[in-house]
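Please read the following notes with the structure open beside you, taking the points in order and finding each named residue as you go.

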Amino acid sequence: MNNTINKFVTPEIIFGTGSIKQTGDACLRLGAKKVIIVSDPGVAEAGWLTEVIKACETSGLDYITYSELTTNPKDFEVAQGSEVYLREECDSVIGVGGGSTLDVAKSIAILASNGGNISDYEGVDKISKPLPPMVMAATTAGSGSEVSQFSVIVDTKRKKKMTIISKTLIPDIAIVDPQTLATKSPSLTASTGMDVLTHSIEAYVSAAATPLTDVQAKNALSLVAEYLRPSVASRSNEAAKTAMAMASLQSGLAFSNAILGAAHAISHAIGGKLPMAHGEINSILLPHVMDFNFIAKPQKFKEIAGLMGVDTRTLSVKEAACGAVKLVREIAADIGTPMTLSDIGFQKDYIPDICAAALADACMITNPRDTTYWDIEKLLHDAL
Ligand SMILES: [Fe+2]
């Protein structure tokens, strides 16, 4: 262990079954009087929006809801939400939902306090004014947005996902209630779970990883390897849901502080073109990016294999790393996420645009291996 200076930022975290009922009190403790509750139709249908509204009423908070969101977080939804926030004279934000919804909620907070268009804040540290108090309740084990300094929003004109990174985006309070995972479909559980796996691995080998982020990434990785399959298999497996909620939280803490890598940079670029689940795109790319990144941190890739349950005692570093890649593919096959880019409608003529957008994505900065346009082009061809 070296003696370089490490910094690790985290919100207050409330974890456990029933914790979603604390959303109102959590917001009240931050001094809120009128809150915008940002949600989406799926979360509303599952009953979690009602649960948060009840919590706000119990706490005596005034509120307005904004929940007309689509599947991927879009720039015009952020603009509409911030208009609601300002018109209704809100002073705080609650997000309840998966990563897309929480990213919209956090981005509404940006525009409410900083003005302008959400594209003005693309990149690293572009937000100058403090954000209003934010409480984020996660309902999918996937994004880690409830603890992260990230927001990823689709620029609908440029057809690309913008990555916004700023410490001001770290919510004040994160609420993670495993019982919310019981209402997810098996396919959503599978795709968001593969996102958790990608966060764990990319954060662990990131150029910005530290001992503080490694602890979180390693634990998350072991949990995903053991519990993702059973979590997809059964809505009522409480042990698996709790483990996946913890894995999501810990991988979120890891990647919020260590950032990510090429899989996410390329995934964001593809996600701007194809309306596919973020986790499904990551799931396809991850084994190829692991192969590419192996020479940057061979020992860490061997450790990844061990953490995922591969017996590495008699294996060389290379053999163990190959075992980890094989295991990632096996998990994806077992839970039914797509295996190739062709499976999700990707076409060869997208490649030049995707390579350019991926190179410019903020997540590429911390990829452990230097990456060129031609590297990405080869990787995309391999993943077709
Ligand atoms: Fe992700």
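1. In this predicted model, three strands form an open sheet with mixed pairing, in the order β5-β8-β7; strands here are DSSP runs of E of at least two residues, helices are DSSP runs of H or I of at least four residues, and both are numbered from the N terminus. Two strands count as paired if DSSP finds at least two bridges between them. Because β5 (123-124) and β7 (150-155) each have a single partner strand, they stand at the edges of the sheet, and one side of each is left without a neighbour there. Strands of a sheet pair through backbone hydrogen bonds, either parallel or antiparallel.

2. Strand β7 and strand β8 (residues 160-165) run antiparallel and are joined by six bridges. To follow this pairing by eye, find Val154, which stands opposite Lys161 in β8.

3. Residues are numbered from 1 along each chain as its sequence is written, and side-chain values use heavy atoms, with hydrogens and water left out. Since this is a predicted model, local features need pLDDT of at least 70 and side-chain atom pairs count only at pLDDT 80 or more, whereas totals for chains, interfaces and linings use all residues.

4. The structure holds 13 salt bridges, a salt bridge being a side-chain nitrogen of Lys or Arg within 4 Å of a carboxyl oxygen of Asp or Glu. One of them joins the side chains of Asp155 and Arg158, at 2.7 Å from N to O. Asp155 counts as buried because its relative accessibility is 7%, while Arg158, at 44%, is partly exposed; buried means under 20% relative accessible area, exposed means over 50%, and partly exposed lies in between (1.4 Å probe, protein chains only). Asp155 and Arg158 also belong to a network of salt bridges that links them with Glu122 and Lys160.

5. Which parts of the chain does the salt bridge between Arg229 and Asp334 link? The closest N and O atoms of this pair are 2.7 Å apart, and the pair links distant parts of the chain, with Arg229 in helix α7 (residues 211-233) and Asp334 in helix α12 (residues 317-335), 105 residues apart. Arg229 is partly exposed at 28%, whereas Asp334 is exposed at 52%.

6. Within helix α12, Lys326 and Glu330 are four residues apart, which means that about one helical turn separates them. They form a salt bridge whose closest N and O atoms are 3.3 Å apart. Lys326 is exposed, with a relative accessible area of 54%, and Glu330 is partly exposed, at 34%.

7. The chain is divided into domain 1 (12-180) and domain 2 (184-383), with bounds that come from an automatic or database domain assignment. The contact between them takes 25 residues from domain 1 and 31 residues from domain 2, where contact means heavy atoms within 4.5 Å. Their C-alpha centres lie 25 Å apart. Domain 1 and domain 2 bury about 2,200 Å² between them, 66% of it on carbon and sulfur atoms; buried area is the accessible area (1.4 Å probe) that two parts lose on being put together, summed over both. Across this interface the rule finds zero salt bridges.
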